[in-house]
Amino acid sequence: MPKANKNTEVRNNWTLNEIQEIYNRPLLDLIFDAAIIHRQNKAYSEVQVSSLISIKTGGCKEDCAYCPQAARYSTGVDVEPLMTVEKVKARAEVAKANGASRLCMGAAWREVRDNKDFDRVLDMVSEVNEMGLEVCCTLGMLTYEQAEKLKAAGCFAYNHNIDTSSENYGNIITTRTFDDRINTLNNVRKAKLSVCCGGIVGLGETDDDRVKMLHTLSTMEQHPDSVPINRLVPVEGTPLAKNEQTPIDEMLRMIATARIIMPKSIVRLSAGRNEMSIAEQALCFMAGANSIFAGEKLLTTPNPDFDTDMQMFKLLGLTARKPFKDRVSMQETAALA
């Protein structure tokens, strides 16, 4: 059985069998092992608080089977145009006042286009960055040149999830390929943006698919800086509307395995948290989750509000991570060298 990582060891050569062995450990042993690794590599009681807003909602041309924003599904989500810079700034101010250190801006686009809408997004990025918040964007596929423009405007991170295993991908999305996803991630990394990449549990995938997804993430040349683990929120009108909610033990296995094989990454407890009790969330933090989305909505689906989360933080002894912490730590290290 693979041994627990030491705090200096980051591996990019995990095998499927090794990850499978970790994933299938007795649950309490798995959580215990992940908790040790978490404490070796992170301030275990510190949690990054991010706020996610939909800057352009609905009307997407993609056919992602889980997504209420796809134009081809009737989900009751109204199509809304790209927000103004002023509205985004106002939302960012509320998020910052409530303890968020990162603002994630999502647009229901298949890909970024070089037009006035993208220019407006660049203005949004610049304005929010000036407020002292980390800026993350999730805008669909983008080129290296577009990633460079985001970086120059002050974007800190880019989110582009692989969603599931490469083998299962075609069962969930047909309007773009798994390789398209990887290509965008390569462009993001080449532009020196922080990479945010994870997946969704509850799409109808097998345990093998989950392990293969984690294998893809953990064998990248560099692990993603942030790894969101989303629990599907079934939405009426989408092809996956009747999927059953993923049990908490399966979420714990994903979070703990991600923590063990990617010890330096931020592991985000993302969509589906609204249906979890405080005790269930506490187990997720113990298993290695150290980031959440706070605020009443995640794009178009319900989420706990800031006050509820701050009460939970107080109960569990958690603290909110400061923005740009890794960047500050790197600068301090360089200054001492």
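L214 touches I19, M254, T257, A258, I261 and M262, leaving aside residues up to four places away in sequence (contact means heavy atoms within 4.5 Å). This is a predicted model, where local features need pLDDT of at least 70, side-chain atom pairs count only at pLDDT 80 or more, and totals for chains, interfaces and linings use all residues. Residues are numbered from 1 along each chain as its sequence is written, and side-chain values use heavy atoms, with hydrogens and water left out.

**Around L214**
- L214 sits in helix α8 (residues 207-218); helices are DSSP runs of H or I with at least four residues, strands are runs of E with at least two, and both are numbered from the N terminus.
- L214 is buried, with a relative accessible area of 0% (buried is under 20%, exposed over 50%, partly exposed in between, with a 1.4 Å probe and protein chains only).
- L214 and E244 are 30 residues apart in sequence and 22 Å apart in space, C-alpha to C-alpha.

**The two sides of α4**
- F118, V121, L122, M124, V125 and V128 are buried in α4.
- Seen down the axis of α4, the buried residues fall within an arc of 155 degrees, so they line one face of the helix (the arc uses directions from the helix axis to the C-beta atoms).
- Those buried residues pack against β1 (46-56), α3 (85-97), β2 (102-107), β3 (134-138) and α5 (144-153).
- On the other side of α4, K116 and E130 are exposed.

- G132 follows α4 and has a positive phi, near 85 degrees.
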